Amino acid sequence: MTAITDMPDVPRAARRPQIGNPVLRWLRTNLFSSIPNGILTVVLLAVLGKGGISFVQWGIANAVWLAPANDSSGCKAVRGLGACWAIIPEKYRFILFGTYPFDEQWRPALSVLLFIVLFYLSTRRAFWRRELAYLWIGALALISVLMWGGVFGLSFVSQDRWGGLPVTLILATFGLAFGFPLGILVALGRRSKLPAIRSLSVLYVELIRGVPLVSLLFMASVMFPLFMPSGFNIDKLLRAQIAIILFAGAYLAEVVRAGLQAVPRGQYEAADALGLSYWRKHRLVVLPQAIRHVIPPLVNTFIAFFKDTSLVLIIGIFDLLTTAKTAIIDPGWQQFSVEVYIFVAAIYFAFCFAMSRYSRSLEATSGR
């Protein structure tokens with residue numbers, strides 16, 4: 001006689017065959033599971049529907065898309081009823097590239113394209129080899145040649161003329177590229193058994209985190225040159241870059257330190273048992289696990305610093321947001337700042353959303 005095994009403890013409703021339209025079943029389960037949830041769903045749908053219809057009418061149906069020869073009269077005629085997207089093709093070159101010479105703006109445009117290609121290749125596991133570092137060095141050298149010029153028949157353009165999206169990408173890329181290794185070293189320093197190194201690391205983190213980024217930028221721009229020898233001057237963009245690197249390093253150090261604390265003690269002991277040196281132990285065993293634990297807060301910090309580059313306005317550097325503000329100084333277009341800010345917000349969102357999506361995919365693959 002065959003033994004009958006007990007059925008697993010599964011709710012009776014779950015054992016019933018699922019019948020009916022799956023869409024209606026999902027709506028009932030997730031949106032209309034109870035009377036309060038149903039009322040809240042209807043209210044939210046009504047608000048979103050009203051807002052969506054209003055935006056479509058303002059941003060598409062009644063919008064002005066083109067204006068002849070810097071003439072904003074067409075936009076003024078529909079002001080309050082429709083968007084004036086004509087300001088974007090009229091001002092986009094200034095928004096993206098600032099006061100860079102008009103005939104040479106293909107150079108910062110190509111630099112932005114090179115940055116995007118580098119970002120994309122860096123997200124592909126197939127390119128995670130030593131050659132990628134050489135590619136970054138070569139591409140950054142090429143970007144420097146394109147932006148500065150002065151060689152290969154390119155006219156020289158001083159950093160005072162740089163602006164827009166290239167400046168934002170330069171500050172964010174170099175700030176995080178140098179701030180992340182600095183953060184790792186400081187995080188290791190805070191866990192060091194040597195009192196001097198541990199105290200210096202704690203002092204650095206607490207000092208930098210205790211002041212806003214604006215104050216660091218102001219000190220880098222105004223106070224730092226006062227301590228330099230007479231006749232020695234560092235470019236304003238480089239001073240801002242150093243301040244951003246130091247600020248990013250302090251915050252990233254705490255994120256990495258949290259990851260180091262999440263690594264089980266047995267991993268350290270196993271690495272010591274294998275006879276690994278301090279640096280090989282952390283490079284091969286500890287840090288890969290620590291960084292895997294803190295991928296979400298790391299990317300959150302990266303996104304925050306990418307947006308914080310807009311604070312360089314305080315020291316007169318024309319990043320993307322600053323050039324957008326300057327573009328609407330023109331009296332004929334002052335009334336249409338909303339459209340410019342939406343355009344800039346879309347650019348910021350594209351980069352931040354790409355980082356967020358890559359973070360999710362990296363976290364999923366790392367957890368396997």
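## The largest pocket

In this predicted model, the largest pocket holds about 1800 Å³ of space. Its lining counts 38 residues. Closest to the centre are S122, T123, W128, F302 and Y358.

Six elements are named as giving two or more residues each to this lining: α6, α7 (130-148), α8 (165-190), α13 (278-293), α14 and α16 (337-366). Helix α8 supplies the largest share, with eight residues. By class, the lining has 29 nonpolar residues, five charged and four polar.

## The second largest pocket

About 350 Å³ of space lies in the second largest pocket. Here 15 residues form the lining. L216, M219, A220, F224 and L246 are the closest to the centre of this pocket.

Which elements give two or more residues to this lining? They are α9 (195-209), α10 (213-223) and α11 (236-262). The largest share comes from α10, which gives five residues. Of the lining residues, 13 are nonpolar, one is polar and one is charged.

## A look at F306

Now take a single residue. F306 sits in helix α14, which spans residues 295-308. Helix α14 is also among the elements that line the largest pocket with two or more residues.

Is F306 buried or exposed? F306 is buried, because its relative accessible area is 5%, and buried means under 20%.

What does F306 touch, leaving aside neighbours within four places in sequence? The contacts are T168, L169, A172, Y348, F351, C352 and M355. F306 and L276 are 30 residues apart in sequence, and their C-alpha atoms are 37 Å apart in space.

The mean pLDDT of the protein is 84. A value of 70 or more is reached by 94% of the residues.

Helix α6 (residues 106-123) has the highest mean pLDDT among them, at 91. Helix α1 (residues 12-15) has the lowest, at 49. Over residues 1-7, the pLDDT is below 50. Beyond near neighbours in sequence, this stretch has one contact in the model. Where pLDDT is low, the predicted coordinates should not be read in detail.

Terms used: Residues are numbered from 1 along each chain as its sequence is written. This is a predicted model: local features need pLDDT of at least 70, side-chain atom pairs count only at pLDDT 80 or more; totals for chains, interfaces and linings use all residues. Side-chain values use heavy atoms; hydrogens and water are left out. pLDDT is the predictor's confidence in each residue, from 0 to 100. Helices (H or I, at least four residues) and strands (E, at least two) are DSSP runs, numbered from the N terminus. Contact means heavy atoms within 4.5 Å. Buried means under 20% relative accessible area, exposed over 50%, partly exposed in between (1.4 Å probe, protein chains only). On a 1 Å grid over the protein atoms alone, a cavity is a set of points where a 1.4 Å probe fits but cannot get out, and a pocket is an open set with protein on both sides within 12 Å along at least five of seven lines; lining residues have an atom within 4 Å of a point. Grid points are joined across faces, edges and corners, and a volume is the space filled by probe spheres set on the points. Ala, Val, Leu, Ile, Met, Phe, Trp, Tyr, Cys and Pro count as nonpolar, Asp, Glu, Lys and Arg as charged, and the others, Gly among them, as polar.
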